[in-house]
Amino acid sequence: MHYVVSDVHGHVDDLVAALRRADLLDADLAWGGASARLTFMGDYFDRGPDGIAVVDLVRRLQREAGAAGGRVDALIGNHEILALGMSRFGAQHVPSGSWNRRSFARSWALNGGQLHDQQGLTDEHIRWLSSLDSVLRAGDDLLLHSDTTEYLRWGDTAEQINESVRKVLAGDDLQAWWQCWVRLTTRYAFAGLEGEQVATELLAVLGGQRIVHGHSVISTFTGQLPGEVTGPLSYAGGRVLAVDGGIYAGGPCLVVRLDPESVPGASAAPA
């Protein structure tokens, strides 16, 4: 069984409660999922009370799940790029020909940055976050944090994309860092009349039969209030599954079980 959760945004208590309901945590809050697989799909920081606690929980569960025969993966989201950029560059201005004096500090403040998270960010956290994958293939599912095709600017395979982003985060090129942030903030590539075609074309390049993403809150697709969301949203002809319940806006923390039988053209269960 493979589960995903995205866009926790520092709401560690809600995450713990959701993982317990899914039987992925036991009564002692240790890994209880046995051989199950769980993927965290980014945006651990900002807009919520304790992003550091979320990251520490994910890292602990990686160790515990591995020891129990399970697996926990973690992707990098745009808010991780923002948190790391804030830590490394602060208010340093991004080169620009426009009047707008852009900086990670300004965007961090505008996007719910929490001082507690910056103060608690250790070198070990930074190394772990900077090493995370951007794209993950799991059976017939292609897991992305953001609902965007901008990933293809870093390569045309998952391996190329992941290595390219890691290379940027290992360096000091402020402009390249900023482009990571900008690219991963784009959204809604698979919505609208051409959404299914766009999704199908991305899958043809990166592999898989269905895209699973966070980043864009489900209620923005459906017109619901965030608190009315009860589960993931399948759209674009079934080629895309949105899993961000919008916790920071009053929505649920969704732990979604990926059902291989619902994937168009599925050939096998997730690995």
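Which residues have the most contacts inside the largest nonpolar core? I started my notebook with that one, and the names I wrote down are Leu19 and Phe40, in a core of 85 residues. For my own use: a nonpolar core is a set of buried Ala, Val, Leu, Ile, Met, Phe, Trp, Tyr and Cys residues joined through side-chain atoms within 4.5 Å. Buried stands for under 20% relative accessible area, exposed for over 50%, and partly exposed for what falls in between, with a 1.4 Å probe and protein chains only.

**Ground rules**

I am reading a predicted model, where local features need pLDDT of at least 70 and side-chain atom pairs count only at pLDDT 80 or more, while totals for chains, interfaces and linings use all residues. Residues are numbered from 1 along each chain as its sequence is written, and side-chain values use heavy atoms, with hydrogens and water left out. Helices (H or I, at least four residues) and strands (E, at least two) are DSSP runs, numbered from the N terminus.

**The core and Leu19**

I went back to the largest core, with its 85 residues and its most-contacted members Leu19 and Phe40. Its largest share, seven residues, comes from α2. Next I looked up the partners of Leu19, taking contact as heavy atoms within 4.5 Å. Setting aside neighbours within four places in sequence, I noted Leu24, Leu25, Leu38, Phe40, Leu57, Leu61 and Val255.

**Where α1 meets α2**

How do the axes of α1 and α2 cross, and at roughly what angle? I found that the axes of α1 (residues 12-21) and α2 come within 9 Å and cross at roughly 35°. Axes here are lines fitted to C-alpha atoms, for helices over the stretch in contact, and angles run from 0 to 180 degrees between N-to-C directions.

On the α1 side I listed Val12, Leu15, Val16 and Leu19, which meet Ala53, Val54, Leu57 and Leu61 of α2. By class this contact has eight nonpolar, no polar and no charged residues. The classes are: Ala, Val, Leu, Ile, Met, Phe, Trp, Tyr, Cys and Pro nonpolar; Asp, Glu, Lys and Arg charged; the others, Gly among them, polar.

Asp13 is also in α1, but this residue is exposed, at 63% relative accessible area. From Asp13 to Ala53 I read 9.5 Å, C-alpha to C-alpha, across 40 residues of sequence.

In α6 (residues 123-130) I found His125, Trp128, Leu129 and Ser130 buried. The buried residues of α6 pack against α2 (51-68), β3 (71-74), α3 (78-89), α5 (115-120) and α7 (158-169).

How many aromatic pairs are there? I noted eight, where rings of Phe, Tyr and Trp (its six-membered ring) pair if their centres lie within 6.5 Å; planes under 30 degrees apart are stacked, over 60 edge-to-face, and the rest tilted. Tyr44 and Trp128 make a tilted pair, 6.4 Å centre to centre with 50° between the planes. Tyr44 sits in the loop between β2 (37-40) and α2, and Trp128 in α6, 84 residues apart. Both Tyr44 and Trp128 are buried.

Phe89 and Trp177 form an edge-to-face pair, at 5.3 Å centre to centre and 75° between the planes. Phe89 lies in α3 and Trp177 in α8 (residues 174-185), so this pair ties together parts that are 88 residues apart in sequence. I also saw that ring pairs link Phe89, Phe104, Trp177 and Trp178 into a cluster.

Most residues other than glycine have a negative phi. Asp7 has a positive phi of about 55°, and phi of Asp23 is near 60°. Is Asp7 buried or exposed? Asp7, in the loop between β1 (2-5) and α1, counts as buried at 2% relative accessibility. Asp23, in the loop between α1 and β2, counts as exposed at 55%.

Gln118 is in α5 and is buried, at 17% relative accessible area. Beyond four places in sequence, I found Gln118 in contact with Ala83, Met86, Ser87 and Trp108.
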